[in-house]
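Reader: Hi! Could you walk me through this model? I'd like to go through the side chains and the strands.

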Amino acid sequence: MSPHARSKRRGAIQERAAISRGLIILPGPLDKILAGTKTLEIRSRATAVRGPVALIESGSGTIVGTCTITGCVGPLTRADCQRNARRAGFSRGTAPAPGSYAWIVSSARRLRAPVAYRHPRGAIIWVRLTPAVTRLLPRRRAVHIERVRS
């Protein structure tokens with residue numbers, strides 16, 4: 001089996017894995033991730049989490065999508081920040097702060113309908129999802145929407 005085929009197979013297995021965590025993201029950056037225009041989530045700390053995660057819109061109490069975290073790069077230098085500003089969802093002339101980390105996001109999909117979850121007190125970045133919530137996620141997954149380039 002070729003390395004490409006192994007990688008593709010590994011990705012398919014990860015996609016079917018149960019989603020047990022939710023990542024909390026502000027509405028603006030979350031919309032960019034779900035649209036496919038933001039593939040780097042910038043955070044002040046690194047993450048060891050890899051694989052499928054739920055995407056939670058901050059303040060909404062709902063899971064609105066899913067994605068796969070495939071890696072983490074950093075701490076970023078000033079040059080890294082400027083070079084990857086667009087992938088991180090920043091507009092021209094602005095960039096993430098040096099010393100931050102880029103969480104690599106792929107396969108983002110919006111759910112057909114949001115899924116409510118119980119937000120634990122103090123959760124700021126991650127939420128561990130209950131089995132009842134994780135069972136709802138595969139049923140509500142939408143088809144991947146290809147982004148339109150203008």
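**Rings, core and backbone**

Author: Happy to! Let's begin with a charge over a ring: Arg43 lies over the face of Trp103, at 5.4 Å from the ring centre. Here a charge sits over a ring if NZ of Lys or CZ of Arg is within 6 Å of the ring centre and within 35 degrees of the ring normal. This is a predicted model, so local features need pLDDT of at least 70 and side-chain atom pairs count only at pLDDT 80 or more, while totals for chains, interfaces and linings use all residues. Residues are numbered from 1 along each chain as its sequence is written, and side-chain values use heavy atoms, with hydrogens and water left out.

Reader: Thanks! What lies over the face of Trp126?

Author: Arg21 does, at 5.7 Å from the ring centre.

Reader: And how many aromatic pairs are there?

Author: The count is one aromatic pair. Trp103 and Trp126 are stacked, 5.7 Å centre to centre with 10 degrees between the planes. The rule is that rings of Phe, Tyr and Trp (its six-membered ring) pair if their centres lie within 6.5 Å; planes under 30 degrees apart count as stacked, over 60 as edge-to-face and the rest as tilted.

Reader: Which strands does that pair tie together?

Author: Trp103 lies in strand E5 and Trp126 in strand E6, so the pair links parts that are 23 residues apart in sequence. Strands (E, at least two residues) and helices (H or I, at least four) are DSSP runs, numbered from the N terminus.

Reader: Is Trp103 buried or exposed?

Author: Trp103 is buried, with a relative accessible area of 3%, and Trp126 is partly exposed at 22%. Buried means under 20% relative accessible area, exposed over 50%, and partly exposed in between (1.4 Å probe, protein chains only).

Reader: What about E1: which strands does it pair with?

Author: E1 pairs with strand E6 (residues 126-128) in the antiparallel sense over three bridges, and with E3 in the parallel sense over four bridges. Two strands pair if DSSP finds at least two bridges between them. Arg21 has Arg128 as its bridge partner in E6, and Ile24 has Ile56 in E3.

Reader: Last one: where is the cis peptide bond?

Author: Between Gly74 and Pro75, with omega about 0 degrees. Pro75 is in the loop between E4 and helix H3 (78-83).
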